[in-house]
Amino acid sequence: MTNVLTERQPEPSVVSRARVSLAHGINIGTLGPLLALLLAGIFFTIESDRFLTGPNLSLVVQQVMVVGTLAIGQTLVILTAGIDLSNGTVMALGTIVMTSLAVNAGLNPILTIALGLLVCAAFGALNGTLITRLRLPPFIVTLGTLNIAFALTHIYSREQTVSNLPDALTFFGNTFRLGQTNITYGSVLTLLLFLIVWYVLGQTAVGRHVYALGNNPEAARLTGINTRRLLLGVYTIAAVIYGVAGLLLVARTGVGDPQAGQTDNLDSITAVVLGGTSLFGGRGGVIGTLIGALIVGVFRNGLQLIGVASIYQVLITGILVILAVAVDQIARRRQA
Amino acid sequence: MNQQATTPVFEARGLVKRYGQVTALDGADFELYPGEILAVIGDNGAGKSTLIKCLSGAIIPDEGEILLDGQPVRFQSPMDARRQGIETVYQDLAVAPALDIAENLFLGRELRRPGLVGSAFGMLDKPRMLAEATAHMQDLKIGIRSMRQAVETLSGGQRQAVAVARAAAFARHVVIMDEPTAALGVKETHMVLDLIRRVRERGLPVILISHNMPNVFEVADRVHIQRLGRRVAVIAPHSFKMSDAVAIMTGAMAGEEVAA
């Protein structure tokens, strides 16, 4: 008897063959962005002596730290085929809670950091609850919470920037020396977060469930995954990560600014998409997002170094986003 | 086959399920014996899928009882049924396309590394899952080379084979297949039918729900015919004509005359 299964085995395409190594974090999805990042890096190294130096690269990482951290949470949400428009303003609310309670109410800054993270978590849980219980689309839910968090931030802060922060709140802005380079603790925390989330997504059951949920929610449910709880968990954890991004923002700027984060939602989505994560869910990962965030940072920094107006960075980012989504679409169509 | 001498693995007595004015199940009985493929057929609205949903835990019957190995069971959810060793394969290819075959086989039931890395850090035991997935697939003679292939690179039949292998790997009592070939072509349908036979050879009884009469007559040991919310007949396909089965299904022939 001939075995139909062996017979009909299609040759894996380049795309799928590469996807076999998904768990290792490097696949076709991240290969493109990595190539773009390297090419940009080579270009700016040739064009400017100052680009490939420790201090400059440390600066690039610092500049993308906040959006990069927001993008970690955004990646988790997008992997479930969702979207989170509220992350920038939720982060801003977190920073105001952290700074205002410490400066104006005189609470212990460690406690206020915890409270700030808690407020962010509550917003994540609200997003998740509305999406799972009322089955509202994530786009609309997070558009609503974006405005709610924005308004609460302004009402609570009375439009006032909070300054004279205690040291604990700006700790992550401090640096240590590595050779000739000053590195902020915040950069280390960001990279550590990327590493942790990469591990969880690739090496643990709950991580694989996030992919399955984004891929085929019905199949995930039928295999016994509690998809509601998982989705609620993803939005909540993502929001805690936004709170950490807020802490990094406070450390970097030294103030609690109620105007912060208003366009960071789109910037974080940009980083995720540039990193090759599919907006349709279930494909991609945080290593890509790190690369995506760095691409934006490298272009901004490099163009500045060679004296090109920074608006060209925006132009290039726009083109790259469309390119990234087009590549994803073509890859998906070939699979179908 | 001397089935009547043994107790059924899986049995239902007098199941009733009403939806408002509509009675989907009207005292339906059901028996599945060890080592058999039992096909369930019936016209639309015969209560076929309601019956299967009761058996797989997807809905709770209003009346009647379900027995597993002679013991009464009450499934509150499909999870409940799965915990009792009843696995279901669905027609619409319930797999996660971007995940690989091994990941799909163990989805929701992942194995962790032994020791601290597994318990504290939840690290998956990928080598073991890969090895066991390979063993399960070979066991069913499914000739797919790499378990690390994403499921989306497979044909429809191969995807369904992954779903069947998953069910067979984890079922302890019964595998329910709900229209497993409905989305497949002719050749791939036959491949899945072979697979269903191999599941039976491994000692797992199979409940096969299908619209496709030739398929049912090719693979089933017995055929349960559902009509108007009840079982009207159980026939042996080798001693029956397909047209008679259809006649019973549609009510043109009385089922009572042919109870097997």
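This briefing covers a sheet and a pair of domains in chain B, and one glycine in chain A.

The structure is a predicted model, in which local features need pLDDT of at least 70 and side-chain atom pairs count only at pLDDT 80 or more, while totals for chains, interfaces and linings use all residues. Residues are numbered from 1 along each chain as its sequence is written, and chains are lettered from A and ligands numbered from 1 in the order in which they are written.

**The sheet in chain B**

- Chain B has an open sheet of six strands with mixed pairing, in the order 6-7-8-3-9-10. Strands (E, at least two residues) and helices (H or I, at least four residues) are DSSP runs numbered from the N terminus, and two strands pair if DSSP finds at least two bridges between them.
- Strand 6 (86–89) and strand 10 (230–235) of chain B are the edges; each has a single partner strand, so one side of each has no neighbour in the sheet.
- On average, neighbouring strands of this sheet are turned by 20° against each other, direction ignored. Axes are lines fitted to C-alpha atoms, for helices over the stretch in contact, and angles run from 0 to 180 degrees between N-to-C directions.
- Five bridges join strand 3 (residues 37–42) and strand 9 (residues 222–227) of chain B in the parallel sense. Opposite B:Leu38 stands B:Arg222, in strand 9 of chain B.
- Helix 6 (residues 156–170) of chain B packs on the sheet and touches strand 6 and strand 7 (174–178) of chain B. The direction of this helix makes about 175° with that of strand 6 of chain B. Contact between two residues means that their C-beta atoms, placed from the backbone, lie within 7 Å.

**The two domains of chain B**

- Domain 1 (12–95 + 156–258) and domain 2 (99–149) make up the division of chain B; the bounds come from an automatic or database domain assignment.
- The centres of the two domains, taken over C-alpha atoms, are 29 Å apart.
- Domain 1 of chain B gives 11 residues to the contact and domain 2 of chain B gives 10 residues.
- On the domain 1 side, helix 6 of chain B supplies the largest share, eight residues.

**A:Gly246**

- A:Gly246 lies in helix 12 (residues 227–253) of chain A.
- A:Gly246 is buried, with 33 other C-beta atoms within 10 Å; buried means 20 or more such atoms, exposed 12 or fewer, and partly exposed in between.
- A:Ala92 is 154 residues from A:Gly246 in sequence, yet the two are 6.4 Å apart in space, C-alpha to C-alpha.
- Leaving aside neighbours within four places in sequence, A:Gly246 is in contact with A:Met91, A:Gly94, A:Thr95, A:Met98 and A:Gly116.
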